[in-house]
Amino acid sequence: MTRSVYVTGIDRGDGRQVVELGVMELLTRQVDRVGVFRPLVHDGPDRLFDLLRARYRLSQDASTVYGMDYHEAAALQAERGTDELVSRLVDRFHAVAREYEVVLVLGTDFAATQLPDELSLNARLANEFGASVIPVVGGKGQPAESVRAEARNAFRAYDGLGCDVLAMIVNRVASEDREAIAERLTARVPVPCYVLPDEPALAAPTVSQICHALGASVVLGDDAGLARDALDFVFGGAMLPNFLHALTPGCLVVTPGDRADLVVGALAAHSAGTPPIAGVLLTLDERPGEEVLTLAARLAPGTPVLSVPGNSFPTAAELFALEGKLNAATPRKAETALGLFERHVDTADLLKRVSVARSGRVTPMMFEHELIEQARADRRRVVLPEGTEERVLRAADVLLRRDVCDLTLLGDVETIRKKAADLSVDLAGTQLIDPQTSELRDSFAEKYAALRAHKGVSVELAYDVVSDVNYFGTLMVQEGLADGMVSGSVHSTAATIRPAFEIIKTKPDASIVSSVFFMCLADKVLVYGDCAVNPDPDAEQLADIAVQSAATAARFGVEPRIAMLSYSTGTSGSGADVDKVREATKLVRDAHPELRIEGPIQYDAAVEPSVAATKLPESEVAGQATVLIFPDLNTGNNTYKAVQRSAGAVAVGPVLQGLRKPVNDLSRGALVSDIVNTVAITAIQSQVPAEGQEFPA
C-alpha cells in the first residue's frame with residue numbers, strides 16, 4: 001500500500017505551507033516518485049503546487065492533483081451527504097496513489113470553504129486514505145498559554161477521531177515563547193511537538209507581489225530587485241535628515257513622486273548599505289524628472305522604483321493588508337521556509353516516524369538533498385575567496401537560508417556589502433574579510449615565507465602573495481580559521497589549487513592529488529576519476545586514484561565497486577596502456593583486499609549486467625560498478641562530458657581528493673546550484689569520519 005502523509009490544520013493563518021514544503025523535502029530525499037493530492041481546491045492558481053512542481057521537478061499531471069473544488073464539494077455534501085463526498089474523494093486519491101511510492105496530501109485550508117466541521121472531514125479523509133497526520137497549529141499574535149492549549153486540543157481532536165498522528169507542529173509563535181511552548185507540549189502530548197517561530201521574511205510580500213497587487217508601473221529596477229522582500233514600510237514626508245534616520249533594512253519607501261530629495265536620499269543610503277532597502281514606491285502618479293531618474297539608476301542599479309496613481313493613505317491601507325506567499329516565483333522564500341523547518345524540526349526523527357522505505361533508485365535531486373542534510377549535520381565553516389562574484393553571493397544566500405554551514409567571504413568588504421544589498425542577500429552572521437587590509441596579513445606572510453623559504457620566498461614577497469584571495473583563503477584553511485575552501489567561478493583551476501599544493505599539501509597516505517565527479521544519472525550515482533587533474537598517471541598513481549576515489553564514494557553514500565577502465569576486458573588485450581591498468585589493479589588488491597575491484601575492464605562490461613554476464617560472469621564488480629577509474633585525463637574528461645551532455649546526467653565536481661584539508665575548484669561556468677553543492681561537499685569532506693568507516697561494506 002502506498003504510504004501517505006496528510007498535513008492539515010485547525011484554522012486558517014497557520015502558515016502551513018512551510019510544513020508542507022518541509023515534509024515534501026523529507027519525502028523526496030527518500031524516494032524518487034512522490035505524488036501530491038489536494039482533496040479540495042479553490043478556483044484560481046494553486047501557488048503551492050506550482051512551487052512543488054517547479055522545485056521538485058514533479059511530472060504529475062496537474063489535473064490528477066485535485067479531488068474537486070469547494071463549491072462542488074459543498075453542493076455534493078448538501079445534496080447527497082458526507083459519505084458520498086468522502087467516497088468520491090477516496091476514489092480520486094487512490095487514482096494518484098497507484099502511480100506513486102508515497103503521496104503528500106494537502107488538507108483543506110479553512111478559508112471560506114462553506115463546509116461544516118472541516119476538522120472532522122480532514123480526519124475522516126486521512127483515515128480513509130490510510131494516511132498519517134501532521135496537524136499544524138498557528139500561534140501568530142497569541143499568548144503562549146493559548147497556543148499550548150490549542151495544540152493540545154488539536155492533538156486530542158485528531159487522535160480522538162482515530163487518526164495516526166505522527167507529530168504536532170506549532171507555527172508562527174513569538175520567538176521569545178518558542179522554547180517554553182515546546183517544553184510544555186513535550187511534557188503533555190505523547191507525540192513529538194515541534195515549534196517554529198514566526199519568520200517576518202516569509203510574511204513579507206516581495207516588491208513584485210506589491211507591484212501586481214497595486215497595479216503599479218515599474219519606473220526603474222530589474223527582476224532581482226523586484227524579487228526583494230519588503231520587510232517594512234517607511235512613509236516619506238519628513239525632511240531628508242530625519243527621513244534617513246527612519247529607514248530600516250529591507251524597507252519599502254513610500255513617498256509622493258514629487259519628493260526627489262527623498263528618492264535620491266533613499267537610493268544613496270541603499271548604495272552605501274546604510275541600510276539596504278527593498279525599493280521605492282511613488283504615489284500621486286508623480287515621477288521625478290529624467291535627470292533625477294538617471295541619477296537614481298546610477299546610484300542603485302536594479303533597485304526597483306514603482307509608481308501608483310493613488311495617494312499615500314489608501315496605498316498604505318493596501319500595503320498593510322498584503323502578505324507574502326510561497327510560490328514558484330519566490331524561490332528564496334522557499335529556501336527561508338526550508339531553513340526554518342529544518343532548524344526547528346528533528347527531520348531525522350520525523351522521517352523515521354513517517355517510515356518511508358528508501359528507494360533503491362538515487363536521483364540527482366535525492367543526492368543533492370543528501371549533501372545538504374549531511375553538511376548541516378556537523379556544521380563547518382567554508383571560505384569563499386570570490387566574495388564579490390554575483391553567483392557566489394546568490395549561493396551564499398541559499399546556504400545561509402538553509403543553515404548549511406558558516407561562511408567567510410573574501411574581497412573588498414564595502415563592495416561585497418553593496419553587491420549583497422543590490423541582490424537583497426542578507427549576510428548577517430557571515431564573516432567578511434579583505435585580505436588587503438586584514439590584520440592576518442602579516443602573520444600569514446610570515447607563515448607562507450617559512451613554508452616557501454626553500455624556494456627563496458622572503459617575507460616581503462610573501463606579504464604581496466598572501467593578499468591574493470586564493471592564497472589568503474588557503475592559509476585560513478591551513479591555520480584552522482576555516483574548514484575548507486571553494487573557488488574557481490572566476491579564477492582558473494591553477495589559481496585555485498596551486499596554493500593548496502604549496503600550503504596544505506597531500507595527505508601522508510596519498511602520493512598525488514586527484515579528483516572525481518559525481519555523475520548523477522536518472523536512477524543512480526556513479527563516481528568518475530580522475531577527470532580533471534592528472535594527465536597521464538602511472539600505475540602507482542592510478543592505484544592511488546582508485547583508492548582515493550573509493551574513499552570519496554563511500555564518504556558520500558556510494559558503495560564502492562571499482563572498475564579500472566581500459567579498451568580491453570580481463571586478459572583479452574595487451575600493450576602498455578592495458579598493462580598499466582592491470583598493474584594498478586593488482587596494487588590496489590594487494591594494499592586493500594577489502595575493496596571490490598575489477599580491471600582491466602571496458603566501460604560497457606563495468607556498468608551493463610548483460611555484457612558483464614558474457615565477458616566476466618564470475619566478477620562481483622562487472623555490470624554493477626559504481627567507481628569508474630579512467631586510465632588518463634583525456635579519456636576521463638571526454639567521457640564525463642559526453643555522459644553529461646548525451647545522457648542528461650548532472651555532473652557534480654570536480655571534487656579534489658588527497659589534500660590534507662579540503663579545497664575544491666569550480667568551473668568558471670558554474671551555476672548557483674553547482675556552487676551550493678560544491679560548498680556542501682567541501683563541508684562534508686572536512687567532517688571527521690567515524691572510525692573504521694573509510695570503506696563501509
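In what hand does H1 pass H2 in their crossing? The structure described here is a predicted model, in which local features need pLDDT of at least 70 and side-chain atom pairs count only at pLDDT 80 or more, while totals for chains, interfaces and linings use all residues. Residues are numbered from 1 along each chain as its sequence is written, and side-chain values use heavy atoms, with hydrogens and water left out. Helices (H or I, at least four residues) and strands (E, at least two) are DSSP runs, numbered from the N terminus.

The crossing in which H1 passes H2 is right-handed; a crossing is given this hand if the near helix is turned clockwise from the far one by less than a right angle, and is left-handed if anticlockwise. The axes of helix H1 (residues 16–30) and H2 come within 11 Å and cross at roughly 25°, where axes are lines fitted to C-alpha atoms, for helices over the stretch in contact, and angles run from 0 to 180 degrees between N-to-C directions. H1 is therefore roughly parallel to H2, on a scale in which angles under 35 degrees count as roughly parallel, over 145 as roughly antiparallel, 65 to 115 as roughly perpendicular and the rest as oblique. On the side of H1 the contact (heavy atoms within 4.5 Å) is made by Gln 17, Glu 20, Leu 21, Met 24 and Glu 25, and on the side of H2 by Leu 48, Leu 51, Leu 52 and Arg 55. By class, this contact of H1 with H2 holds five nonpolar, one polar and three charged residues; Ala, Val, Leu, Ile, Met, Phe, Trp, Tyr, Cys and Pro count as nonpolar, Asp, Glu, Lys and Arg as charged, and the others, Gly among them, as polar.

Strand E2 (residues 34–41) and strand E3 (residues 66–69) run parallel and are joined by three bridges, two strands being counted as paired if DSSP finds at least two bridges between them. The chain crosses from E2 through helix H2 (residues 47–55) to E3 in a right-handed β-α-β crossover, a hand assigned if, with the strands pointing away from the viewer, the path from the first strand over the helix to the second runs clockwise. Within this pair, Leu 40 has Met 68 in E3 as its bridge partner.

Strand E14 (residues 381–384) pairs with strand E15 (residues 406–410) in the parallel sense over four bridges, and Val 382 stands opposite Leu 407 in E15. In the loop between helix H18 (390–401) and E15 lies Asp 403, a residue other than glycine with a positive phi near 60°.

An open sheet of six strands has mixed pairing and the order E21-E20-E22-E19-E18-E23. Its edge strands, each pairing on one side only, are strand E21 (596–601) and strand E23 (650–657). Strand E18 (residues 514–520) runs antiparallel to E23 and is joined to it by six bridges, with Ser 514 opposite Gln 657 in E23. H24 lies across E18, strand E19 (525–529), strand E20 (561–565), strand E22 (627–629) and E23, at about 160° to E22.

Helix H24 (residues 539–555) packs with helix H25 (residues 576–591) at an angle of about 55°, their axes being 8 Å apart. H24 and H25 are therefore oblique to each other, and their crossing is right-handed. The residues of this contact divide into nine nonpolar, no polar and three charged.

Two cis peptide bonds may also be noted. One runs from Gly 529 to Asp 530, with omega near -15°, and Asp 530 is placed in the loop between E19 and H24. Another joins Gly 599 and Pro 600, with omega of about -5°, and Pro 600 is found in strand E21.
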